[in-house]
Amino acid sequence: RIALKIGASEPLPLVQPRSIARYLARASNNLGLLGKGVMEEALAEELMAMAIEGIGESDDISKLTDLATKSTFLGSTSGPRLGDLAVYAALHPLVSGKKGAYDTLPAPLMRWFDFIQRHDAFDAKTRPLALIPIARPPSPFFSSFSSSTSTAKGGKEEKSQKQQAGRGDSKTTTTTTKKKNKGSEADAKKAAKKAAKKAKLEAEAKARAAKEIGRVDFRVGLIEDAAPNEADNTLFVSQVNVGALGKKQVVSRLGGFVAIEEMKGRKVILIVNLEDAEFGGKKSQGRIMCGTDKEDKSKKSLVAVPAEAKVGERVAFKGAEGIEADPVLKDKRLRPVLKKLKVSAGMALYSDLAFGTTAGPCTCPGITDGTIA
């Protein structure tokens with residue numbers, strides 16, 4: 001949390017990662033720290049949220065390792081962003097506590113950590129955290145170099161011995177054939193090992209995706225009443241029946257995009273395990289899912305539910321069946337999911353998985369390709 005004091009007023013707490021990121025960028029007079037473009041800005045905010053919540057779960061480490069493997073910085077190739085600095089600060093106590101042991105973190109992430117702490121952005125006077133000497137493992141280059149040197153030294157003697165034994169010895173042909181066979185066997189084993197590794201990575205990626213979407217509690221709800229907010233007519237206040245979960249009040253910024261008449265008596269998809277929030281002075285206990293056209297951002301459509309779907313039933317995603325949703329979904333868990341929600345060929349999807357109900361999949365009428373939020 002950051003408390004920002006404005007004039008003589010009381011300090012104003014900044015809690016949301018976006019607010020903190022923009023404040024720090026302005027304070028340092030370097031808006032480039034936010035990133036270049038929407039994607040980099042969103043990733044910087046996600047990494048800051050991860051650092052604020054505390055890094056420790058295997059999913060966090062796995063995501064950071066993947067980013068460190070793909071580029072010099074986390075999500076950027078042109079320079080460090082606020083996300084890099086926040087994650088570096090969050091990991092510093094862990095690496096320091098293990099005295100810079102190289103196996104404290106996965107190798108790509110450990111190399112990134114050492115690179116960031118030695119980056120030109122810091123010097124001996126301005127470095128905010130102590131430099132941690134990293135104990136690197138011995139490089140295989142030196143052992144191979146030593147072996148090749150020894151081989152070179154004995155090269156002349158070996159050549160002389162072969163000449164004395166006779167180059168035309170029939171054993172040479174046999175040896176060459178055996179080497180070729182061994183080479184073919186080695187190539188086959190290498191290919192099989194590579195295929196097994198690829199299958200393992202794909203299975204792990206599917207398991208992570210299932211866990212990610214399984215944390216979110218999507219339900220079928222029935223809007224029994226809806227009205228514009230008196231303080232802000234772009235906000236609609238809806239009373240939604242969610243079956244056994246009771247009724248929930250949900251505030252949505254759909255004014256000007258969706259007619260209020262379209263809301264009343266309609267089945268919708270909503271997230272029900274978010275923290276309660278307040279918009280326009282009204283309490284909101286969920287989030288109604290709505291699609292936006294890829295080309296025309298003013299074109300929106302509520303995610304449509306099959307007529308026979310049961311009010312209150314949980315939306316199912318293939319592979320995530322049986323995964324229990326978080327009691328209260330944290331913002332850092334929701335952000336990655338929202339990035340993968342989309343409309344493709346009119347279907348409502350998470351990545352390539354359909355929003356499924358007992359009566360069939362959900363759609364987004366009027367939108368062929370777009371996003372869902």
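1. The structure holds zero disulfides, a disulfide being a pair of cysteine sulfur atoms within 2.5 Å. Take C290: its sulfur lies 6.6 Å from the closest cysteine sulfur, that of C364, so the gap is too far for a bond. C362 is in no disulfide either. For C362 the nearest cysteine sulfur, again in C364, is 9.9 Å away.

2. Basis of these values. This is a predicted model, in which local features need pLDDT of at least 70 and side-chain atom pairs count only at pLDDT 80 or more, while totals for chains, interfaces and linings use all residues. Residues are numbered from 1 along each chain as its sequence is written, and side-chain values use heavy atoms, with hydrogens and water left out.

3. Burial of the cysteines. Buried means under 20% relative accessible area, exposed over 50%, and partly exposed in between (1.4 Å probe, protein chains only). C290 counts as buried at 6% relative accessibility. C362 is buried too, at 0%. Across the protein, 36% of the 373 residues count as buried.

4. Overall make-up. The protein has 10 helices and 17 strands. These are DSSP runs, numbered from the N terminus: helices are H or I with at least four residues, strands E with at least two. Contact means heavy atoms within 4.5 Å. Among contacts between residues at least 6 apart in sequence, 63% join residues at least 24 apart.

5. The six-stranded sheet. Strands of a sheet pair through backbone hydrogen bonds, either parallel or antiparallel. Here an open sheet runs in the order β11-β10-β17-β12-β13-β14, with antiparallel pairing. Two strands pair if DSSP finds at least two bridges between them. The edges are β11 (300-302) and β14 (353-354). Each has a single partner strand, so one side of each is left without a neighbour in the sheet.

6. C290 in that sheet. Strand β10 (residues 290-293) is joined to β11 by three bridges, and the two run antiparallel. The bridge partner of C290 in β11 is L302.

7. The second largest pocket. Its volume is about 1000 Å³. On a 1 Å grid over the protein atoms alone, a pocket is an open set of points with protein on both sides within 12 Å along at least five of seven lines; a cavity is a set where a 1.4 Å probe fits but cannot get out; lining residues have an atom within 4 Å of a point. Grid points are joined across faces, edges and corners, and a volume is the space filled by probe spheres set on the points.

8. What lines this pocket? The second largest pocket has 31 lining residues, with R208, A209, E212, K340 and Y350 nearest its centre. Elements giving two or more residues are α2 (37-53), α3 (58-70), α8 (170-214) and α10 (331-340). The largest share, eight residues, comes from α3. By class, the lining has 10 nonpolar, five polar and 16 charged residues. Asp, Glu, Lys and Arg count as charged; Ala, Val, Leu, Ile, Met, Phe, Trp, Tyr, Cys and Pro as nonpolar; the others, Gly among them, as polar.

9. D59. This residue is found in helix α3. D59 is buried, with a relative accessible area of 19%. Neighbours within four places in sequence aside, D59 is in contact with R208, K211 and R215.

10. A search of the whole structure finds one cavity of 30 Å³ or more. The largest cavity has a volume of about 40 Å³. Its lining is E40, L43, A44, L47, L74, G75, S76 and R81. These divide into four nonpolar, two polar and two charged.
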